[in-house]
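Open the model in your viewer and keep the selection tool at hand. The tour goes stop by stop.

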Amino acid sequence: MTSPIVRRSPAHRARVLANQPLTPRMRRVTVQCDEMIGRAIRPAQDLELLLREDSGRRVKRRYTIRQARPADGEFDLDVLLHGAGAGSAWGQSAAAGGIVEFQGPRGKLELRSAPWHVFCGDESALPAIAAICEALPPDEHAVAVLEVQEQSDEQPIAADVCWVHRGEHPPGTSELLVPAASELDVPVAEAHGYLLGETRSMVTLRALFEGRGMAHDAIFLKGYWNIGRPDRISGRRPG
């Protein structure tokens, strides 16, 4: 009896071109890969980087492609600096000329036309939400409720944004997002929802929007991280 064939995505090598700060807690790392030249990228697709912890153990961290330049095979990856994980370490230390291995691009999100698009998430989702909003047609409205630690974490988003500053409140709970999302004055029955952030909080928000009339299949939910596993916080998993 033969063993089943396990098909794995091929690994590619990218060269770091630049590393620049966006906010005090997020950096933009630009990488280039000749094998990606001409590769079409959909909004919110990600790369899965193959990194190593200080112990030498190999780990994977996924990052949303914030911007892509297919003609040059270039990707901008926004890395949230959170804790002492392998992703944060790479985001801080990645320097021009360095090499990083990755798999992808990948991602299941498919944009569908709707009069309204509603986004909820935390700072781990800012790259994806920004990329999606920029891809929307100009006649489709985008609104967002986004939780960050403080004002310095805010970034330009092509949507009407309600920023929620948690301050000393612990990250990852739904206690701040739910009240803010409940006050959104939008026709949710006509909207598509995008819930991106801590898994259980996003599940809570889905129940909120479904209770207000948003169709279940009109909601895209992605848990980027889980309370208790802060080393897996993502942008997609930037930390």
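Contact here means heavy atoms within 4.5 Å. Helices (H or I, at least four residues) and strands (E, at least two) are DSSP runs, numbered from the N terminus. Buried means under 20% relative accessible area, exposed over 50%, and partly exposed in between, with a 1.4 Å probe and protein chains only.

This is a predicted model, in which local features need pLDDT of at least 70, side-chain atom pairs count only at pLDDT 80 or more, and totals for chains, interfaces and linings use all residues. Residues are numbered from 1 along each chain as its sequence is written, and side-chain values use heavy atoms, with hydrogens and water left out.

**Stop 1: helix 1**

Select residues 86-93, which make up helix 1. Its buried residues are A86, G87, S88, W90 and G91.

**Stop 2: the hairpins**

Two strands pair if DSSP finds at least two bridges between them. Start with strand 3 and strand 4. They run antiparallel, joined by 7 bridges. Pick L50 and you find K60 of strand 4 opposite. The two strands form a hairpin with 5 residues between them. In that turn, select G56, which has a positive phi of about 100°.

Move on to strand 4 and strand 5. This pair is also antiparallel, with 4 bridges. Here the hairpin has 4 residues between the strands, and G73 takes a positive phi near 70°. Now find Q67, which stands opposite D76 in strand 5.

**Stop 3: D76**

Stay on D76. Strand 5 spans residues 74-80 and holds this residue. Is D76 buried or exposed? Its relative accessibility is 4%, so D76 counts as buried. Draw a distance to T30: the two side chains make a polar contact at 2.7 Å. A polar contact is a pair of N or O atoms within 3.5 Å; within protein, one must be able to donate a hydrogen and the other to accept it, and residues adjacent in sequence count only if both atoms are side-chain atoms. Not counting residues up to four places away in sequence, D76 touches R28, V29, T30, T64, I65, R66, Q67 and R69.

**Stop 4: salt bridges**

Side chains of opposite charge can pair when their charged atoms come close. A salt bridge here is a side-chain nitrogen of Lys or Arg within 4 Å of a carboxyl oxygen of Asp or Glu. How many salt bridges does this rule give? The count comes to 13.

Select R66 and E134. Their side chains meet in a salt bridge, 2.6 Å from N to O. R66 lies in strand 4 (residues 58-69) and E134 in helix 2 (residues 126-135), so the pair ties together parts that are 68 residues apart in sequence. R66 is buried at 9% relative accessible area, while E134 is partly exposed at 47%.

Next, select E123 and R166. The closest N and O atoms of this salt bridge are 2.7 Å apart. E123 sits in the loop between strand 7 (116-122) and helix 2, and R166 in the loop between strand 9 (160-165) and helix 3 (177-182), so the pair ties together parts 43 residues apart in sequence. E123 is buried at 6% relative accessibility, and R166 is buried at 9%.

Then go to E198 and R200, whose side chains meet in a salt bridge at 3.6 Å, N to O. E198 is buried at 1%, whereas R200 is exposed at 51%.

**Stop 5: helix 2**

Colour helix 2 by burial. Of its 10 residues, 8 are buried, so helix 2 is largely enclosed by the rest of the structure. The buried ones are L126, P127, A128, I129, A130, A131, I132 and C133.

**Stop 6: V143**

Finish in strand 8 (residues 141-148), where V143 is found. V143 is buried, at 7% relative accessible area. Leaving aside neighbours within four places in sequence, V143 is in contact with W116, H117, V118, F119, A159, D160 and V186. Now draw a line from V143 to A89: the C-alpha atoms are 33 Å apart in space, and the residues are 54 apart in sequence.
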